Each structure stands twice: as structure tokens, then as C-alpha cells.
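Here's a quick briefing to read with the model open in your viewer. Take the topics in any order you like.

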Amino acid sequence: MASRYIEVKDDNQVRDALSFGREEGLNILILGGGSNMLFHSNFEGLVVKIASRGIQVLNDDGRVLEVVAEAGEMWHHFVMHTLESGWGGLENLALIPGCVGASPMQNIGAYGVEIKDVFSWLEAINIESGECVRFHLEDCKFGYRESIFKLEEKGKWVIVRVAFRLDRQSELKTGYGALESELSEISKTQITHTDVANAVVKIRNSKLPNPDILGNAGSFFKNPVIDHNVFSDLELNYPEIPNYPQIDGTVKLAAGWLIDQAGWKGHSRGTHGVHDKQALVLVNRGGASGQEIWQLATDIMISVEQKFGITLEPEVNQIGMI
Ligand code: EPU
């Protein structure tokens, strides 16, 4: 149980909450949707829930526009709003749980698109000074499920709004295998941004459990990126191994496949287990503690390491880890 909980709706309320936490000497946890966190123990301190709302168009040349969303907007709601307005760019990122403010933290991505591809800037309040600073694309140092806010600037900022550069005529990105085959079912000459979003929603619903119904934090691990030589050795033993060569010569593997091959898919420990349709997702059916989920994650990491010599890295944020 958190000791204190405050909902904040604008920048001044964020600053007030931060000063209160400082004055009381409390640990502060900034909470967006909370969909990408594993609590190892109860959090003792001040939980600041970002509850700001608002979507605004800043510039519009009739084709390309800059749209800013407040951090507390639900991500999927925001994506659907952009599509209903005829703005393209976020369609591949439909149905990702969580809030707008959390999206740049880990450069959310799905079906061949990451937010860095349409990101313009964000504003964040410094936890120590209360100063609001604008970060542009290059400042954020986005990488695969990474940003400066998860690395050197971790725990220093509260993201309060994010701006995106959207395009009414943006090119559709439909190259991701599962998406391509889902879209090939549509008998229509002109596929729209909304058709892509609908296909993404269909695929996600078929593979990923809805966190409102079955507790989960999405992909629990990152897809490992390995050296090309290590990959060549692996491929000799596992010719069918899914792999995604990267521009820098490294190779990204599918953690879900590795976990599946190690025999974990559908594994159950009563209250919790491994999802039966996507082995990268750990599920809490109700009642499992954060430590129990972590024990399962650790067992999976050891098993994948033993079978493939690959070290998995959690993608989910670990809170209160001892
Ligand atoms: N696979 C298996 N067994 C499984 C799961 C996957 O064999 O149990 C194989 C699939 O057949 C496929 C490959 O692994 O060949 C990749 O699977 P999938 O297309 O489902 O994507 P993923 O790499 O497992 C990533 C993201 C997801 C994102 C999808 C689609 C990460 C850590 N995960 O998953 O993101 O939705 O691609 O782009 O990068 C998230 O971050 O929470 C998340 C759900």
C-alpha cells in the first residue's frame, strides 16, 4: 500500500506535489498508466498520478501537423483521436496500454514503428528544481525500448506533454509479417491509416491479453540484440530461428520464440504463469505477488541462458527491487 497518493492535472499541481514530497522527505513514484511496472514490494512514499488531459493542434500546413497531447491522456484514446481526425503516423501503435507521458520513456514500438519516428518534442518538469524543459528528438537519445529518461536521466523528470509530427498522407508501414498477412485479408484497393490500426488491434487482441481482464505488463523482456558471429553459431543449431538483422551488423532475436522453445509457453503456477498465445508475456491471474512473478521471470532467464547462451533483459520497470 502506498503511503500517499496524489493526482495531478497540470504543471503547477505537478510542482506542488513534488515540493510536498521533498518537504516531507518522501520517495516519489511518478505513475502514468502503471502498465509497464512490476512492484517487488509495497511502495512507501508519495505516488504522483499524472491525470492531465488535452490534445491540441499547434501547426498545420494542410497536410503535416504538429499535435501535442498532455501526459495523462490514455495512449490508445489519443491514437484513435488522431486517426478519426484523419492524421496518419500512429496507426501501428494502436492498443498499446498506458499513457502518453510514458510513451517516450521506453520509445514504445510495435509492428515496425516506434514513437521516435513521429516524435517532435516533449516537455518535462525537473523533479529537483521544478523547471519545465523542452526536449527535442536528439535530446531524448531514443533506442530500442530506451531513452535518456530510462538511462542517465532516470528518476529526474516528470514528462508533462508530448508533441508529434503527423501527416494526413503519411506512407503506410505494413511490412511487418503479421500485419501484412492481416491486411491481405481486406478486399479494398485503397488501405487507410484506420484499416492499419484496425488490423493491429485485431492482431494484438489475438496474441496479447487485455490488462483490464488478465494482469500483465506486455512484453516482459526485451528482444535480445546479439553479435553477428554469435548469431551464426546459433543459426547452425536452430536454422528456423526468427531474426532481424540490424543496420549496425548486430542481429535482433525474438525473446518470445526463445522462451517458447525453452518450453515455457502456457506454463502455469496457479495464480500466475506464461501467456499461452505469446511466451513473452507473463500473466498474473490474481493473487500472485511481484516477487512470485519475478521468480518466474528469473527461472525463465536462467533456462534461456542454459539452452541458448542468451541473456534476457527485462523490459518492464522494476519497482522496489531489493
Ligand atoms: N514467437 C514464438 N512464440 C511465442 C512468441 C513469439 O515463436 O510465444 C515468434 C513469432 O512467431 C515471431 C517472433 O517470435 O516469429 C516475434 O513475435 P511477435 O511478432 O509476436 O513480436 P515480439 O518480438 O514477440 C515485439 C514487441 C511487442 C510488439 C510486437 C509487434 C518487444 C519486447 N516486443 O514482440 O511489444 O507488440 O513486437 O511489433 O519488442 C511490448 O513492448 O510490450 C510489446 C507487446
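Let's start with L95, which is partly exposed because its relative accessible area is 25% (buried means under 20% relative accessible area, exposed over 50%, partly exposed in between, with a 1.4 Å probe and protein chains only). This is a predicted model, so local features need pLDDT of at least 70 and side-chain atom pairs count only at pLDDT 80 or more, while totals for chains, interfaces and linings use all residues. Residues are numbered from 1 along each chain as its sequence is written, and side-chain values use heavy atoms, with hydrogens and water left out. Helices (H or I, at least four residues) and strands (E, at least two) are DSSP runs, numbered from the N terminus.

**Two loop residues with positive phi**

- L95 sits in the loop between α2 (75-84) and β7 (109-110).
- The phi of L95 is positive, near 65 degrees, and L95 is a residue other than glycine.
- N107 also belongs to the loop between α2 and β7, and has a positive phi of about 45 degrees although it is not a glycine.
- Is N107 buried or exposed? N107 counts as buried, because its relative accessibility is 0%.

**Helix α1**

- The expected span of a helix is 1.5 Å times one less than its number of residues.
- Which residues of α1 are buried? They are D11, V14, A17, L18 and G21. These residues cover an arc of only 125 degrees around the axis, so they lie on the same side of α1; the arc is that of the directions from the helix axis to the C-beta atoms.
- Turn to the face pointing away from the buried side of α1, and you'll find the exposed residues N12, D16 and E23.
- The buried residues of α1 pack against a set of strands: β1 (4-8), β2 (28-31), β4 (46-50), β9 (119-126), β10 (132-136) and β11 (157-167). Contact here means heavy atoms within 4.5 Å.
- At the N-terminal end, D10 caps α1, with a side-chain oxygen 3.1 Å from the backbone nitrogen of N12. A polar contact is a pair of N or O atoms within 3.5 Å; within protein, one must be able to donate a hydrogen and the other to accept it, and residues adjacent in sequence count only if both atoms are side-chain atoms.
- After α1 comes G25, with a positive phi near 65 degrees.

- C132 is part of strand β10, and counts as partly exposed because its relative accessible area is 29%.
- Leaving aside residues up to four places away in sequence, C132 touches D11, R15, E123, A124, I125 and V160.
- C132 and Q261 are 129 residues apart along the chain, and their C-alpha atoms are separated by 47 Å.

**Around the ligand**

- There are 24 residues around the ligand, and Y111, Y144, Y176, D260 and A279 come nearest (a residue is near a molecule or strand if one of its heavy atoms lies within 4 Å of it).
- A279 uses a backbone N or O atom instead, 2.8 Å from an oxygen atom of the ligand.
- On its own the ligand has 820 Å² of accessible area, and the protein covers 82% of that. Accessible areas come from the Shrake-Rupley method with a 1.4 Å probe; for residues, only the protein chains shown count as cover.
- Elements giving two or more residues to the shell are α5 (193-207), β12 (215-219) and α7 (255-261). Of these, α7 supplies the largest share, three residues.

**D195, in one of the shell helices**

- D195 lies in helix α5, and counts as buried because its relative accessibility is 11%.
- The D195 side chain reaches the backbone nitrogen of T192 at 2.9 Å.
- Not counting residues up to four places away in sequence, D195 touches L183, I186, K188 and Q190.

**Helix α8**

- With 19 residues, α8 (residues 290-308) reaches 27 Å from its first C-alpha to its last, close to the 27 Å expected.
- Buried residues of α8 include W294, M301 and F308.
- Among the elements covering the buried residues of α8 are α6 (228-237), α7 and β17 (281-284).
- Just past α8, G309 has a positive phi of about 70 degrees.
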